[in-house]
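Colleague: Let us go through this structure by question and answer. Please close each reply on the item asked for.

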Amino acid sequence: MRRPSPNDNRIDARDWSLLTVLSVLWGGSFFFNGAALRELPPLTLVLLRVALGAAILLPLLRIQGIGFPKGIAGWKPFVAIGLLNNVIPFSLIVVGQTFIPSGLASILNATTPLFTVIVMAAAGEEALRLRRVVGVALGLAGVIILRGWGVETRAGQGLGILLCLGGALSYGFAALAARRLLKDAAPLGTAAFQLMASTVMMAIVAGAMEQPWRFPMPGVTIWLAVLGLAGLSTALAYIVFFQILRRSGATNVMLVTLLIPVTAILLGWLVLGEPIWMREIAGAIVIGSALLVIDGRVLDLLRRGT
């Protein structure tokens, strides 16, 4: 099978399956965040997430024979990616989740492809195709239908919404930076080095603002949530993320945020026995239609058939 070019806006079957896996891994982060925030302050949680994620990947670097970047110049790209892809969005989203429900946070996170399309087009990296803009907007509408735009009012909800939107925008800039700075980097190395750089930055931020050493030791349940966040939603997820980014491009990999709400509901049905409502089915159908529009191949077939 032909390896897709990041410029042709196509996603092959392998990357569609990887996007589904990634949606499960990242979808779990909202659950893990919600559980861990019961006993941990938000910036400390982000520090633990990136630090433990980096620690999990370090032995794999040795097994794969991947060496560390050399000198300041070698680390610069990973510092930039770590800042835009971890430090800023993780911090904004996790603080935002202290003001708004996880469901609303996942809806706002689903604006990431829209921001990515705009950022990549403004930077001249990818053409601003009407089909992709319409598809992303349709997908966001599907997420809102599926999740429901909660009407409850909480103190600071407006701030929480702005923080989560800021995180989504940061992901868009992170995709641009990764596209330009890390074209040929190995996915495992990229995942590990950006997490290591993020750990140093978050240690400074969390240490200055929250002084985590003053808090009591969290319980076992909280540590399990942190380990799930670090191991599954961070370490493993970033290996998959950078693999898709390298093969299919920045805008395509960010489509995962449209899939996250769908996989979360399916997991709730399969694992927890939660019911699926007609609204959720309708939203999933709209999201699926949006992904077909974005991919474009079905539309091409329809044109040829007419």
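Colleague: Which helix gives the most to the lining of the second largest cavity?

Modeller: This is a predicted model, where local features need pLDDT of at least 70, side-chain atom pairs count only at pLDDT 80 or more, and totals for chains, interfaces and linings use all residues. Residues are numbered from 1 along each chain as its sequence is written, and side-chain values use heavy atoms, with hydrogens and water left out. A cavity is a set of points on a 1 Å grid over the protein atoms alone where a 1.4 Å probe fits but cannot get out, and lining residues have an atom within 4 Å of a point. Among the lining residues of the second largest cavity are Val117, Met120 and Ala121; with three residues, the top contributor is helix H5 (residues 112–122), a helix being a DSSP run of H or I with at least four residues, numbered from the N terminus.

Colleague: What is the volume of the largest cavity?

Modeller: Of its 18 lining residues, the closest to the centre include Ser29, Arg49 and Phe90. H1 gives the most to this lining, with four residues. A volume is the space filled by probe spheres set on the grid points, which are joined across faces, edges and corners; here the value is about 200 Å³.

Colleague: Why is helix H4 largely enclosed by the rest of the structure?

Modeller: Buried means under 20% relative accessible area with a 1.4 Å probe, protein chains only. The buried residues of H4 are Leu104, Ala105, Ser106, Ile107, Leu108 and Asn109. H4 (residues 102–109) is therefore largely enclosed, its buried share being six of the eight residues.

Definitions and conventions: Buried means under 20% relative accessible area, exposed over 50%, partly exposed in between (1.4 Å probe, protein chains only). Helices (H or I, at least four residues) and strands (E, at least two) are DSSP runs, numbered from the N terminus. On a 1 Å grid over the protein atoms alone, a cavity is a set of points where a 1.4 Å probe fits but cannot get out, and a pocket is an open set with protein on both sides within 12 Å along at least five of seven lines; lining residues have an atom within 4 Å of a point.
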